[in-house]
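Visitor: I would like to learn how to read a model like this one. Please take me through it feature by feature.

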Amino acid sequence: MIKISNVTMKYDLGIEKNNSLKNTFINIFKKNKSKKENFDFYALDDISIQINRGEVLGLIGNNGAGKSTLLKIISGVMRPTSGCVEVNGVVSPMIELGAGFDMDLTARENIYLNGAVLGYSKKFLDERFDRIVEFSELIDFLDAPLKNYSSGMIAKLAFSISTIVDPEILIVDEILSVGDIKFQEKSKQKMLEMINGGTTVIYVSHSLDSIKDLCTKVAWLDHGKLVKIGDTEKVCNEYYSVQMN
Amino acid sequence: MYLRNIIYNFRRYSFLMIQMISRDFKVKYKRSVLGILWSLLYPLLMMSVMAIVFSTMFGRDIEGGNYLVYLMSGLVVFNYFNEATNNAMTSIIVNFSLMKKVYIPKYIFPLSKCLFVGINFLLTLIPLLLVVLITGAPITFNYLLLPYVFICMFVFTLGVSLFISAWSVFLRDVIYIYGIVITIWQYFTPIFYDLSFIPSELVAVFELNPLYQFIKFTRTILMYGKTPDLSNFIFCAVYAMIAIIFGCITFKSKQNKFIYYA
């Protein structure tokens, strides 16, 4: 379903220095004078993973290991420097909720805007509108502008919009911890429902418990490299013991 | 194959474009009392001010003496180009946070801005037609040719927008430089003065100005009810083609790198 082959993501950290015409001119003259300093940063280094249909892959690793980068490459937000990613199926990303939310507009308008950003059609959103509102428990505030919402309410709204689709491939990046306990439980139930429906899931989390609950196999990334991939229990326990040392 | 991809993307994201344009409208006139009436009022006010200031100096040179329509048609067309390209130029930069979260075909940003300003432009045609009626200019079947020049204008503006929006990602100076370019361009376009004001050696250069070609086409129809000549037709189409081809090539070759310059 998803085949990641030798994906490498290299950033040139020196890019910040060249943002204007003045710097471009200066660099032309500098080229011969000094060696180009090596600012290359490898966010991902030769990663190869295969995920079959219906599998739930957990991605664990330290902050900065490259998990979010990998997710962004799979969902098409970025292209890898080298290597390729084959994806068979439509990707529904739950990376950073509320993409496109405009604070001046009301919740009702933002549902359509956010839905449109995720690629859904008006008809689709019309049919599921009531379900979204019900799931988010925000029916009383539907016509208030988003800037008056609390951060928890915004997160609940965003999550509700992302979950109304029956995705083929779901990518979840550390967002199940939003909202109060009741909402968290509801979200987890919804995730399980989707997983049992045969959705392929890539799940990033720092909560090893929820990884052990949901995932069929786990990949451990460290500083851009794939350390280990395999059985959920084993990899999680090894990761934990290495981190706690 | 590539064309089919574009059409598929277009249909998939057309709803998003409608959403973005309606959001732009809502935000633009939020909290303003007159709201969308400003789109109608602004060109009328601009024209009135310029007419009062310039009509004694330049009004005599216009054939047929219809300085008001002459002025306003120039203003409306140039204003469309100005506003559309300025909005589109920053459209990618301001939407970086969105691009980093979800996959969106990047051309949607300049395209939706051009459409948004385009709709505003159509609204400004209402006061323009009003002035045409008041000044008694002839209305003929040649009015049916107006959509031709509007389409050429749209395509030309879109091409320029794609070009500068792509470059402004990498070189932020483009935003400042473009402001100066537009100001100079405005003075070099015969909006409030007639072409006869220009020394004959330079007339050919002024005629090469694409915006002048669009304005001339519009004026020929609105002021005199006549058919523009063939060279006018050709220039409009050729400029539109050149702009859109350059714009698309530049944009397509650079769009994958935008995200690194956020």
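Visitor: Where does Y13(B) lie?
Guide: Helices (H or I, at least four residues) and strands (E, at least two) are DSSP runs, numbered from the N terminus. Y13(B) belongs to helix α1 (residues 2–28) of chain B. This is a predicted model, in which local features need pLDDT of at least 70 and side-chain atom pairs count only at pLDDT 80 or more, while totals for chains, interfaces and linings use all residues. Residues are numbered from 1 along each chain as its sequence is written, and chains are lettered from A and ligands numbered from 1 in the order in which they are written.

Visitor: Is Y13(B) buried or exposed?
Guide: A residue is buried if 20 or more other C-beta atoms lie within 10 Å of its own, exposed if 12 or fewer, and partly exposed in between, with C-beta atoms placed from the backbone. Y13(B) counts as buried because it has 21 C-beta neighbours inside 10 Å.

Visitor: Which residues does Y13(B) touch?
Guide: Two residues are in contact if their C-beta atoms, placed from the backbone, lie within 7 Å. Not counting residues up to four places away in sequence, Y13(B) touches P105(B) and I108(B). By contrast, Y13(B) and L68(B) are 41 Å apart in space, C-alpha to C-alpha, and 55 residues apart in sequence.

Visitor: How is the length of helix α11 of chain B checked?
Guide: The expected span of a helix is 1.5 Å times one less than its number of residues. Helix α11 (residues 230–254) of chain B has 25 residues and should therefore span 36 Å; its end C-alpha atoms are 37 Å apart, which agrees. Buried residues of α11(B) include F235(B), Y239(B) and F251(B). The buried residues of this helix pack against α7 (146–170) and α10 (210–224) of chain B.

Visitor: Which residues of α8(A) are buried?
Guide: In α8(A), they are T232(A), V235(A) and Y239(A). They cover an arc of only 85° around the axis, so they sit on the same side of α8(A); the arc is that of the directions from the helix axis to the C-beta atoms. Elements covering the buried residues of α8(A) include β3 (56–61) and β9 (225–231) of chain A. On the face turned away from the buried side are the exposed residues E233(A), K234(A), Y240(A) and S241(A).

Visitor: Which value of phi does N6(A) have?
Guide: Phi of N6(A) is near 50°, a positive value in a residue other than glycine. N6(A) is found in strand β1 (residues 2–12) of chain A, and it is exposed, with 12 other C-beta atoms within 10 Å. Phi of E137(A) is near 60°, again positive in a residue other than glycine. E137(A) is in the loop between α4 (122–136) and α5 (151–163) of chain A and counts as partly exposed, with 17 C-beta neighbours inside 10 Å.

Visitor: How many residues of chain A are in contact with chain B?
Guide: 25 residues of chain A are in contact with 21 residues of chain B. The largest share of the chain A side, 4 residues, comes from helix α3 (residues 107–117) of chain A.

Visitor: What ipTM does the predictor give the complex?
Guide: The predictor gives an ipTM of 0.71 and a pTM of 0.82. For chain B, the mean pLDDT (the predictor's confidence in each residue, from 0 to 100) is 88, and 97% of its residues reach 70 or more.
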